[in-house]
Structures are given as structure tokens and as C-alpha cells.
Amino acid sequence: MSVLKNSAKKIVLLLSALGLMLAFTGCSASAPQKAKAPQEETAASVVIGKTGKGSVKTVVRNKTGKAIKEVSIRQSGDGEFSKLDFSKASEFKNTKLAELNIPAKYLKDSADAVEKDGDPGAAKVNHRHLIDLSLSFSQKEKHEVDQLPVETLKTLKKAELRFDAESDLVYFAGETKKGEKFNTLESQKALKAAAEKAQAYKEAAEKAAAEKKRQQKKLQRNRQRRNRQRNSLILRITIPLPHNKTRNPATLNLKAIT
């Protein structure tokens, strides 16, 4: 009996010690709690452009990595940009949402929308209203997002402005209410390549024109020099001097003007 009692006491002591160990280490035994990811804001922090009758509203998030200080707009093909006013904030900060309002006048047909055959009543095939956005990050850094179709902007469920470091381009990306993806990066690259090619042609043409002008001036100078030489003849007349013991004749140069 004493042996059984001793065994029972040992078991009780072991269980007590185990209980104390679990009490002190209970926190470490529990699974670590995962930190919750910060929730993105769903309300626009800035309104860009004025709302009005016929205007198109798009909610866009800034994912460029930088704050946008100014946004300007033009109809694609026009020369000048028009600044869009900011309200609620002085800049469009990174990761924030903005309400972008496209004024109704940019949905009107541009002058070059008429068919080339000159028939005003001809159907406009695949005609879209396109706009360009100019984004200013600073006085020295500006980017353009060109040829955005306004009709597509109407259908977007969510949209983002993104920056592609490899091509140094800001582009528009989004998803329509039907779940279709929308991305302007490739078209931006194509437009940039076309602009660079056109600039290269322009510089080559200007260089060729400057070289042609230089050659013409050179030919003109040579022609004038030949004319002066032809109109100014030097006659060398030799006159013997009787008292010249060395008998070296004196030479008299006369200029004859023809």
C-alpha cells in the first residue's frame, strides 16, 4: 500500500509541474496572430475637374509612386492643354483615390472627325472621342497619357494610374463593369516610338537642309571669288632701265578693270 501511495504522490507532483509549465508557456504555444493588411481608402481624397451636365466621372487611384500636382486635358489632336481645377486637396497623393471629371465639351466631335470624302452625312466608322492627359509631378517632371477613349472611361468599375520605369511612361489601367481589362501601356509605347521616329526624321531633315544651305553659301563664295579674279587682271610689264648696272629689268604691275 505504501508503494502505491508513493507512486500516486509522484504522479500528482508531475501533473502539477506540467500544469505550471503550460501556464507559463501558454502564450507561446498559441498560434501567432497575423497582422491585418491596411485597408485602402474608398473615398476620393481629391476632385479633379468640375462636375457639370454631360460630364463623365471616373474614379481613379494613383499608383505612380509619386504625388500628382497638376492635371491638364485636351482633345487628342489639339495643340493646347487646359488645366483641370483641384478641389478638396491641393495634390493627388500616391495610393489615394481621385474623382476625375471629363467636361462634356471633350465628347463633342472634333473638326477632323468628318469623313475624308467630304460628305458631312457620311457615317463615322469606329469613331471615338479621345483625350490626352498631362500629369505634372513637379515643374521638371511631366508625363502624358495619350488617346484615352472617353466612352471606355464611362464603363470602368475601377481604374489606376501606373508608372512603368522601363519605358518611363505613365499609363491608365482598369477593369470594366463586365470584368474586361483595360490597359494603355502598349499603346503608350507605340505612340512614344512613333513620336521619337517623327522627331528623328525632323532632325534629319533639318540637318540636311542646314547642310544644303551651307553648301550653297560655299558655292556662292567660290563664285564671287572667281568673279573678282576675272574682273581684276594683273598686267606685268617689263621696262629695261638704262642706268641699271645689274641689267635687272624693273617690273611694273598695272591693274586692268574689264
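Strands here are DSSP runs (E, at least two residues), helices are runs of H or I with at least four residues, and both are numbered from the N terminus. Two strands count as paired if DSSP finds at least two bridges between them. For one of these bridges, pick asparagine 62 and its partner in β9, leucine 161.

A word on what you're looking at: this is a predicted model, where local features need pLDDT of at least 70 and side-chain atom pairs count only at pLDDT 80 or more, while totals for chains, interfaces and linings use all residues. Residues are numbered from 1 along each chain as its sequence is written, and side-chain values use heavy atoms, with hydrogens and water left out.

**Along β9 to β10**

β9 and β10 run antiparallel, with eight bridges between them. Click glutamate 160, and you'll find alanine 173 as its bridge partner in β10. The two strands make a hairpin with four residues between them, and aspartate 168 in the turn has a positive phi of about 55 degrees.

Isoleucine 48 is opposite leucine 100 in β6.

**A pocket and a cavity**

Which strand gives the most to the lining of the second largest pocket? That's β9, with five residues. The pocket holds about 230 Å³ of space, and 13 residues line it; the closest to its centre are Lys158, Ala159, Glu160, Ala173 and Gly174.

Then look for the largest cavity, with a volume of about 40 Å³. A search of the whole structure finds one cavity of 30 Å³ or more. Select Ile48, Val60, Val71, Phe92, Leu100, Leu133, Leu135 and Leu161 to see its lining.

How are these spaces found? On a 1 Å grid over the protein atoms alone, a cavity is a set of points where a 1.4 Å probe fits but cannot get out; a pocket is an open set with protein on both sides within 12 Å along at least five of seven lines, and lining residues have an atom within 4 Å of a point. Points are joined across faces, edges and corners, and a volume is the space filled by probe spheres set on them.

**The other sheet**

Val71 and Leu135 line the cavity, and they also lead you to a second stop: leucine 135, in β7, is the bridge partner of valine 71. β3 (residues 70-75) and β7 pair in the antiparallel sense over six bridges. They belong to an open, antiparallel sheet of four strands in the order β4-β3-β7-β8. Its edge strands, β4 (82-84) and β8 (142-149), each pair on one side only. From one strand to the next, the twist averages 30 degrees.

**Two loop residues**

Pick threonine 64, in the loop between β2 and β3. Is threonine 64 buried or exposed? With a relative accessible area of 10%, threonine 64 is buried (buried means under 20%, exposed over 50%, partly exposed in between, using a 1.4 Å probe and protein chains only). The side chains of threonine 64 and asparagine 62 are joined by a polar contact of 2.7 Å (a pair of N or O atoms within 3.5 Å; within protein, one must be able to donate a hydrogen and the other to accept it, and residues adjacent in sequence count only if both atoms are side-chain atoms).

Finish at histidine 129, in the loop between β6 (97-102) and β7 (130-136). Histidine 129 is buried too, at 13%, and its side chain reaches the backbone oxygen of leucine 107 at 2.6 Å.

Conventions
Axes fitted to C-alpha atoms, helices over the stretch in contact; angles between N-to-C directions.
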